[in-house]
Amino acid sequence: MKLKDIIIKNKYKLLTIIGVLLTFSILLAISYAFFGRVIENTNTNAISEINTSYYSFTATGDINISLTLNEELLGVESANNTVPAFTSNGGNLNLNLTTLDSAKDISCTYDIVYEPVDAINSSNNINEFTIAGESTSGLSFNETNVVGSNPVILISNALIKTNASSSLTTLDSWNFTINFYNLNAIQDYIVGTNISGNIKLENINCGFNSNIEYGYETILTQNGGKTAIESKGTPNFLTYEKGVVGMYAAEDDLGTSYYFRGKVNNNWVKFGKYISDMYYNSSDKTLYNACPAGGSCTKIASSGNEMYWRIIRINGDNSIRMIYSGVTPPLETKQFVMEDNNYSITIGSTPFNTSGDKSEYAGYMYTLGQQHGTSTDSTIKTYLDNWYTFTNLSTYYAKDLIADQIYCNDRNTSSTWESTPADIMAYSSGERLSNGTPSLKCSIKEDRFTVNDVVNGNGKLTNPVGLITIDELLYAGTNQENANSACYLYTGSNYWSGSPFGFVKSYAFTNIIKEDGTLNVDSVEQNIGVRTVISLSSNVKLYGSGLYSNPYVIENPNLDVQ
């Protein structure tokens with residue numbers, strides 16, 4: 001490697017990380033022997049400590065990192081503006097929040113700030129020296145450029161809080177990654193210079209329950225906040241891009257909705273339980289608390305089993321829409337996707353309707369001769385209402401923990417509606433599936449199924465449960481053409497959506513997600529899996545991070561039903 005290259009393209013991976021009030025120093029050096037070394041001072045300090053008669057908050061950090069730069073990594077030929085020349089994972093910030101009164105919950109917010117000591121100043125408008133971080137509670141910030149002499153806020157209003165009903169102490173740990181880029185630009189200004197700085201906590205604010213966010217606020221905060229989510233724009237729904245993951249925004253009938261997309265693992269919720277054993281009898285496709293004589297049964301749940309859910313989205317009224325995910329606690333190997341194994345995720349299977357020779361049978365409720373009728377329950381609605389009786393969710397609904405939300409069964413069509421069309425008649429949801437143009441708005445009030453809400457919905461539901469729509473499946477990262485087994489809604493088995501597709505050659509069809517993760521359609525008379533959807537009230541408060549190891553739970557001392 002030429003000396004000229006080294007001077008112009010001095011790149012070193014600079015590495016190091018953190019501690020609050022924890023200093024790291026990196027020596028970037030270059031010699032005529034074409035050998036460089038990065039050395040970091042190491043330290044362990046208590047970086048912040050607050051003690052009151054009600055609570056204590058402490059933060060400690062440590063660092064121990066050193067790197068040797070190989071000669072071949074220092075030349076112009078290896079310059080790249082998008083791939084770090086060197087990366088270091090390490091350094092941590094350990095937080096401990098303890099309430100000293102079991103009747104009081106505490107929450108603290110804080111900023112993490114990088115404060116340069118020996119700074120490098122660059123005229124490049126691209127990343128050169130960056131820091132990223134992720135906590136065990138699910139908080140994170142992406143690579144942030146810290147070149148320059150001014151302090152840089154890495155994340156603001158980060159949250160840690162206690163749940164005294166389950167534990168007096170909450171722990172969280174941040175891990176940091178520092179990247180140094182060998183840019184495709186002149187970097188001779190850093191030759192022979194030192195780069196050092198402190199990562200510390202600022203603006204620590206602690207308080208009692210009043211500072212604990214509502215559940216929807218907690219979810220939004222832990223996913224970057226409304227502004228960051230809304231700034232992401234709209235994904236391409238005809239395909240799936242692996243890097244397009246996290247929360248995104250779209251309008252629904254009640255306001256702005258924030259939905260999860262792709263390979264996410266921070267949308268787990270533990271809520272509700274079974275109050276009796278539940279068996280699925282494949283002989284008559286019905287649920288029982290004990291297998292009937294001569295039945296062919298699979299036990300889906302035992303009395304006392306707690307239920308797990310995945311958050312689909314925050315609805316426009318700030319309630320939290322979730323889809324059932326079984327009674328088995330998720331493991332690390334299944335933190336993104338849990339596969340349905342003998343009804344471990346679905347609650348059995350059923351036809352959408354036992355008759356399918358009329359368009360009306362694509363309705364969640366229907367009236368023969370009417371496009372948007374609601375006089376008769378569908379087979380699948382009856383099935384879900386039966387499932388509801390095996391759980392304690394009716395008690396939760398009485399406590400206003402479950403919202404009376406809209407569950408859309410969009411039977412609108414751009415063509416003339418007929419009960420038995422001679423050719424093909426497509427409902428609007430089927431057209432949106434084919435065109436990759438999902439919508440969270442349900443255009444016809446009669447198709448917005450609610451329990452008591454007759455202002456926004458039709459007030460026809462027996463219980464506040466429904467099905468996922470094909471639009472929500474599209475928003476989540478599934479589509480017609482590409483099998484996406486990484487999407488959090490993939491289970492490896494078929495299950496129904498609540499969106500009718502149309503009428504084709506004497507059969508009513510409804511949209512489904514297939515076992516390979518693609519979206520498709522099937523006749524309403526087919527026996528296909530069922531996953532319940534409910535919505536938590538906007539008034540609930542959530543604890544946890546949503547990760548598989550720390551799913552969200554509701555703060556309420558009287559949830560258990562005897």
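# Reading a predicted chain: a tutorial

The chain exposes about 22,200 Å², and carbon and sulfur atoms supply 45% of that area. The model is predicted.

Q: How many helices and strands does the chain have?
A: There are seven helices and 33 strands.

Q: What share of the residues counts as buried?
A: Of the 562 residues in the chain, 54% are buried. A residue counts as buried when its relative accessible area is under 20%. Cys487 is an example: its relative accessible area is 0%, so Cys487 is buried.

Q: What share of the contacts with a separation of 6 or more comes from residues 24 or more positions apart?
A: Such residues account for 72% of those contacts.

Q: What is a disulfide?
A: It is a covalent bond between the sulfur atoms of two cysteines. In this chain the count comes to two disulfides.

Q: Which cysteine does Cys291 join?
A: Cys291 is joined to Cys297, with an S to S distance of 2.0 Å. The angle about the S-S bond is 85 degrees, and this link is right-handed.

Q: What distance separates the sulfur atoms of Cys408 and Cys442?
A: The sulfur atoms of Cys408 and Cys442 are 2.0 Å apart, and the two residues form a disulfide. Their link is right-handed, with 75 degrees about the S-S bond. Cys408 lies in strand S24 (residues 407-408), while Cys442 lies in the loop between helix H6 (428-435) and strand S26 (448-449), so the pair ties together parts that are 34 residues apart in sequence. Cys408 and Cys442 are both buried.

Q: How is a pair of aromatic rings described?
A: Two values are used: the distance of the centres and the angle of the planes. A search of the whole structure finds 14 aromatic pairs. One of them is formed by Tyr259 and Tyr475, with 4.6 Å from centre to centre and 55 degrees between the planes, and it is tilted.

Q: Where in the chain do Tyr259 and Tyr475 lie?
A: Tyr259 is in strand S14 (residues 255-261) and Tyr475 is in helix H7 (residues 470-476); the pair links distant parts of the chain, 216 residues apart. Tyr259 has a relative accessible area of 2%, so Tyr259 is buried. Tyr475 is buried as well, at 8%.

Q: Why is the pair of Phe271 and Tyr396 called tilted?
A: The planes of the two rings stand at 45 degrees, with the centres 4.6 Å apart, so this pair is tilted. Phe271 lies in strand S15 (residues 268-273) and Tyr396 in helix H5 (residues 393-398), 125 residues apart. Both Phe271 and Tyr396 are buried.

Q: Which residues do ring pairs link into a cluster?
A: The cluster consists of Phe237, Tyr248, Tyr259 and Tyr475.

Q: Which rings have the charged end of a lysine over them?
A: Two cases can be named here. The charged end of Lys263 sits over the ring of Phe336, 4.8 Å from the ring centre. The charged end of Lys541 sits over the ring of Tyr214, 5.6 Å from the centre of that ring.

Terms used
Residues numbered from 1 in each chain as written. Predicted model: local features only at pLDDT ≥ 70, side-chain atom pairs only at ≥ 80, totals over all residues. Heavy atoms only, no water. Disulfide = S-S within 2.5 Å. Helix = DSSP H or I, 4+ residues; strand = E, 2+ residues; numbered from the N terminus. Buried < 20%, exposed > 50% of the residue type's maximum accessible area, 1.4 Å probe, protein only. Phe/Tyr/Trp six-rings, centres within 6.5 Å; stacked < 30°, edge-to-face > 60°. Lys NZ or Arg CZ within 6 Å of the ring centre and 35° of its normal. Contact = heavy atoms within 4.5 Å. Areas by Shrake-Rupley, 256 points an atom, 1.4 Å probe, with all protein chains shown as cover.
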